[in-house]
Amino acid sequence: MATMKTVRMKVNGVTHESEVEPRTTLVDFLRGPLALTGTHVGCEHGVCGACTILVDGRTARSCLMLAVQADGAEITTVEGLATPEGLHPIQQAFIEEHGLQCGFCTPGFLMSLVELLSENPDPSDAEIKDVLGGQICRCTGYQSILKSVHSAIAKLRTAGVAAQPPLA
Amino acid sequence: MKPPPFEYEAPTTIQEVVALLQQHDGEAKILAGGQSLMPLLNMRFARPTALIDLGRMTDLDYIREENGAIAIGAMTTKRSVERSDLVKSRQPLLHASTTWIAHPQIRNRGTVGGSMAQADPAAEYPAVAVALDAEFVIAGPDGQRSVAASDFFITYLTTALKENEVLTEIRVPVLPERTGWSIQEVARRHGDFAMVGAVAILGLAGGSCESARVVLFGVGATPQRATSVEQALIGQAASEALFATAAEKAAEGLEDTISDVHASAEYRRHLAQVLTRRALAEAAERA
Ligand SMILES: Cc1cc2nc3c(=O)[nH]c(=O)nc-3n(C[C@H](O)[C@H](O)[C@H](O)COP(=O)(O)OP(=O)(O)OC[C@H]3O[C@@H](n4cnc5c(N)ncnc54)[C@H](O)[C@@H]3O)c2cc1C
Ligand code: FES
Ligand code: FES
């Protein structure tokens with residue numbers, strides 16, 4: 001076995017320090033020791049997008065990152081979106097507009113949209129599709145997801161909030 | 001699908017990177033954005049004894065203009081290239097080609113150096129590098145050397161990088177005056193690797209083609225210059241008819257055209273011609 005490494009990262013605002021084997025992928029670290037199973041694992045080669053999370057505010061495939069690479073990073077997973085007061089406006093929009101059926105792909109879609117809408121609160125359809133193209137959904141046919149995005153844009157605008165709170 | 005065990009190193013200087021490569025004597029792999037290497041590890045196609053992560057090498061992350069070229073640090077992400085105003089204004093072909101690569105989620109982490117070193121035959125950046133006569137700066141045990149793009153891509157997934165060397169910078173000349181450019185590709189879905197792609201750069205003077213460079217990707221082991229197309233253009237008056245006849249030569253001289261589940265060799269040769277014609281027409285409009 002290879003030399004263990006100590007990693008320290010902040011996940012959804014909570015700091016974790018752990019010994020890991022270098023080959024542990026970030027998604028396995030999140031789902032295993034941290035028990036954050038909201039992030040899904042599909043293909044493990046970057047294609048499906050189910051494992052998409054935010055690393056220092058930017059989307060990344062957590063199946064294509066090692067936990068050791070995230071040492072010192074700030075991570076947001078789908079578990080970090082809702083608050084005790086309620087769901088995130090993007091989550092709420094997905095429910096209302098049927099943006100999911102089986103829900104396997106949903107965490108990845110949500111995280112990708114958090115990045116998009118925090119950088120660009122009023123994206124064009126082309127910009128939205130560029131981002132959705134990086135996520136695979138085998139149930140919805142995408143039209144209801146596109147509707148959910150438009151609904152989320154409106155909700156965020158009405159509430160006057162950013163899709164992503166500034167990192168600490 | 002989990003990676004085999006390996007040691008992990010995260011050096012912060014080029015000297016350390018080279019020393020670590022030497023120490024592992026050809027058994028270590030450099031890790032950049034991981035967007036090509038991690039799938040290979042997850043599928044156990046690669047079994048390095050150690051990974052040397054360049055992720056902490058922040059001084060390899062830059063884009064600046066120097067002596068008529070855009071100098072890009074190997075660890076610069078595609079996201080940074082895509083959003084760089086310098087690249088947009090001084091080397092728009094590089095900007096446009098970046099938007100064809102994968103998806104925003106992949107471009108956030110994938111690096112320029114990683115795409116060049118990976119040398120995928122269907123990748124955009126190697127073709128753009130060959131079309132623009134980019135230069136590759138490499139560090140190794142004997143110091144620094146530089147290699148021209150035409151000598152860098154050797155065959156499938158193989159470059160001029162030697163075992164203990166690391167790519168540090170790519171220099172892309174800025175686009176000359178009165179020069180138009182275009183990148184065209186056909187893929188199953190936007191963001192997938194190209195079945196075939198074409199890059200054209202056309203210099204016009206008084207309506208005639210003064211210089212021409214056409215490079216195809218996704219057709220052979222490396223980006224291929226379509227020299228017969230280029231020769232058919234030089235000195236001729238630019239017109240749709242000229243581009244159509246010149247583009248017919250795009251499949252000439254293509255060696256061992258790729259044939260796989262995505263497309264037959266015949267279809268790829270057909271696409272090479274169609275995309276060359278479209279690329280020439282668009283480049284002429286921009287010149
Ligand atoms: C879903 C998906 C879709 C994709 N679509 C496309 C596409 O359409 N077009 C395209 O071009 N690419 C595509 N890619 C590949 C992507 O662009 C990769 O980012 C790129 O090929 C490799 O860059 P990286 O920084 O991730 O390198 P890594 O994966 O970390 O490394 C790749 C290889 O290069 C070596 N290497 C990296 N940096 C250096 C260096 N500085 N010196 C020496 N060796 C080095 C590594 O050892 C490794 O062998 C896609 C990837 C995914 C996951
Ligand atoms: S599991 Fe990571 S992209 Fe599919
Ligand atoms: S809802 Fe089932 S895969 Fe998207």
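Predicted model: local features only at pLDDT ≥ 70, side-chain atom pairs only at ≥ 80, totals over all residues.
Modeller: Residues are numbered from 1 along each chain as its sequence is written, chains are lettered from A and ligands numbered from 1 in the order in which they are written, and side-chain values use heavy atoms, with hydrogens and water left out.

Colleague: How do you know how many helices and strands there are in chain A?

Modeller: Helices are DSSP runs of H or I with at least four residues, strands are runs of E with at least two, and both are numbered from the N terminus. On that basis chain A has 5 helices and 5 strands, which follow one another along the sequence as β-β-α-β-β-β-α-α-α-α.

Colleague: What makes chain A as compact as a globular protein of that length?

Modeller: The radius of gyration is taken over C-alpha atoms, and the globule rule is 2.2 Å times the number of residues to the power 0.38. For the 168 residues of chain A that rule gives 15 Å, and the radius of gyration is 16 Å, which is close to it, so chain A is as compact as a globular protein of that length. The C-alpha trace of chain A spans about 50 × 35 × 25 Å along its principal axes.

Colleague: Why is C139(A) called partly exposed?

Modeller: Buried means under 20% relative accessible area and exposed over 50%, with partly exposed in between (1.4 Å probe, protein chains only). The relative accessibility of C139(A) is 33%, and therefore this residue counts as partly exposed. By the buried criterion, 53% of the 168 residues of chain A qualify, and 57% of the 287 residues of chain B.

Colleague: Where is C139(A) placed, and which residues does it touch?

Modeller: C139(A) is in the loop between α4 (125-132) and α5 (143-159) of chain A. Contact means heavy atoms within 4.5 Å, and, not counting residues up to four places away in sequence, C139(A) touches Q101(A) and C102(A).
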